[in-house]
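These are my notebook entries on one structure.

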Amino acid sequence: SPTATPTPAPPTSAPTPLATVTYYESSVTISTYPFERYQSDAFDPVYDWPYRKFDLERFLAEEPEPAPRRYRLLVLENEYLQVMVMPELGGRIWQVVHKPSGRRMFYQNNVVKPTAWGPEEQKGWLALGGLEWGVPVAEHGYDWGVPWGYIPLQLDPQNAAIVVFTARDGRALNASITISLKAGEAAFEIEPTISNNSQEALRFDFWHSAMLPADAKLRFLIPTNEMTIHSTGDATLPQTGQPMSWPRYAGRDMSQLEQWKQYAGMFESPAAHGPAVAVYDVAADAGAVRIFPADIATGSKIFSPGWSQPLHSSLYTDDGSIYVEVHGGLSPTFAQQAFLQPGKSVVWREKWYPVSGIGMIGATSEIGSLGAQRRGDDLQIGFYPLSDMTAVFVVQTDEREYLRKIVQASPSAPYQATWTVPAMPASGLSLVVEDVNGVAIMTMAVK
């Protein structure tokens, strides 16, 4: 069996002063297989896009050993988050640390190991973890493992950003991603810009892919009642291109990872509903949230290697760890493509944030995440705001108000409590969060 090696530690820094954002550079050392030794130059004439093709058969036959390698990290940091970007391997967000809890938002592979996955003509994809950018073809694109350009932007003490971008070498498409962090907020934003630099209209793919740590108690929060299967090894599920009811299918609650058997990937159907998707691991009491404009980013996909009968972890790591993926794209599925006229660009903005310490998750927004669950006359409440907040919580139906409480919470101290609410009705109950002016800012149905 493989010998586990320590997970690379994020850089440390002095405490960030309140109400400021800092940018700095650091590095991390990760055990790395010599994947470049098995790559050769290739070219996609549709997009004038050079890429590196991987010789999987020779890699498997020769069984090379990994060795420590140092990688540059570009870091944005405020009082709540440490956002680390790795320009040398695809300009990806390598990790986000929630400083109050010390939790890592993304799955983090302890080794850089090429796989059999990625575009069929390329292969070699690195299941390294974090949030990566896939362009101009589906299945992780071509540039997940090559250096991206970058420009740090310290706009002022309250705002900083890093722009990562594909090579400006004559290719038909360019991609740039602005990753930004504000003071006082436990969330980061990404702003992808895809530009057609050619003289012809182009159809293309852009998908970003987040790898997140997984456990049996992980839950997917997807606002749809139907998914479309992309691929699966589970013969008890619908097969490629077929619809599947969500979250329940054939007596299984597929929003619970422990109900998965073999690997499966699936798209929201017929397209992303928005404005959010999320995962929450009840055992770890932590998760991740993506807020996005579904009218532009019309694709939403999840993937798991499986749970009871998963793909073997040695296919992508040496430590037995497992992950799930949350994808967002410009087209509803991999079978469809985005379209740009010559000289045009598409731009949109998303908010991402880690969430923890609330026990469950039932509703998400740009304000924060909310959970509520009833147990007889008791109501379990959890609230994670993205900034320090005083709010009013109201338990009500359309006809009656049952309870009203003032709640204080912050990303450093999420709110979690059990309330006794006598005579709660069997159905129709809602939890409403109001600001100090009495304006409703979040609402969720209580079950």
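Which residues does Pro-332 touch, not counting residues up to four places away in sequence? I found Trp-207, Phe-267, Pro-270, Ala-271, Thr-298 and Gly-299, where contact means heavy atoms within 4.5 Å.

Basis of the entries. The model is predicted, so I note that local features need pLDDT of at least 70 and side-chain atom pairs count only at pLDDT 80 or more, while totals for chains, interfaces and linings use all residues. Residues are numbered from 1 along each chain as its sequence is written, and side-chain values use heavy atoms, with hydrogens and water left out.

Entry, Pro-332. I placed Pro-332 in the loop between strand 25 and strand 26 (338-340). Helices (H or I, at least four residues) and strands (E, at least two) are DSSP runs, numbered from the N terminus. Pro-332 counts as buried because its relative accessibility is 16%; buried means under 20% relative accessible area, exposed over 50%, and partly exposed in between (1.4 Å probe, protein chains only). I also checked the separation of Pro-332 from Ala-288: they are 44 residues apart in sequence and 22 Å apart in space, C-alpha to C-alpha.

I worked on a 1 Å grid over the protein atoms alone: a cavity is a set of points where a 1.4 Å probe fits but cannot get out, and a pocket is an open set with protein on both sides within 12 Å along at least five of seven lines. Lining residues have an atom within 4 Å of a point. Grid points are joined across faces, edges and corners, and a volume is the space filled by probe spheres set on the points.

The largest pocket has a volume of about 930 Å³. Its lining is made of 29 residues, and Phe-220, Leu-221, Ile-361, Gly-362 and Lys-447 are the closest to its centre. At least two lining residues each come from strand 16 (218-221), strand 22 (276-281), strand 29 (363-364), strand 30 (368-375) and strand 36 (440-445). Strand 22 has the largest share, four residues. By class I recorded 18 nonpolar, eight polar and three charged residues in this lining. Ala, Val, Leu, Ile, Met, Phe, Trp, Tyr, Cys and Pro count as nonpolar, Asp, Glu, Lys and Arg as charged, and the others, Gly among them, as polar.

Entry, second largest pocket. I noted about 380 Å³ of space here. Of its 19 lining residues, Trp-117, Gly-118, Glu-139, Ser-231 and Phe-303 lie nearest the centre. Strand 17 (226-232), strand 24 (299-304) and strand 25 (323-329) each supply at least two residues of the lining, and strand 25 gives the most, with three. The lining divides into eight nonpolar, six polar and five charged residues.

Entry, cavities. How many cavities of 30 Å³ or more are there? I counted two. The largest cavity holds about 40 Å³ and is lined by Leu-212, Val-277, Ala-278, Val-279, Ala-288, Val-289, Arg-290, Val-326 and Trp-352. Two or more of these residues come from strand 22 and from strand 23 (286-291). The lining of the largest cavity has eight nonpolar, no polar and one charged residues.

The second largest cavity holds about 30 Å³. I listed Glu-132, Gly-134, Glu-139, His-140, Trp-207, His-208, Ser-209 and His-327 as its lining. Strand 9 (130-134) and strand 15 (207-213) give two or more residues to it, with the largest share, three residues, from strand 15. Here the classes are one nonpolar, five polar and two charged.

Thr-166 sits in the loop between strand 11 (159-165) and strand 12 (173-182). Thr-166 counts as buried because its relative accessibility is 1%. Residues up to four places away in sequence aside, Thr-166 touches Trp-49, Val-135, Asp-143, Trp-148, Arg-171, Asn-174 and Ala-175. Ser-176 lies in strand 12 and is buried, at a relative accessible area of 14%. With neighbours within four places in sequence left aside, I found Ser-176 in contact with residues including Val-163, Phe-165, Arg-168 and Glu-191.

Entry, strand 1. Two strands pair if DSSP finds at least two bridges between them. Strand 1 (residues 22-32) runs antiparallel to strand 4 (residues 67-77), joined by 11 bridges; Thr-22 stands opposite Glu-77 there. Strand 1 also pairs with strand 8 (residues 111-112) in the parallel sense over two bridges, where Val-111 is the bridge partner of Ser-31.
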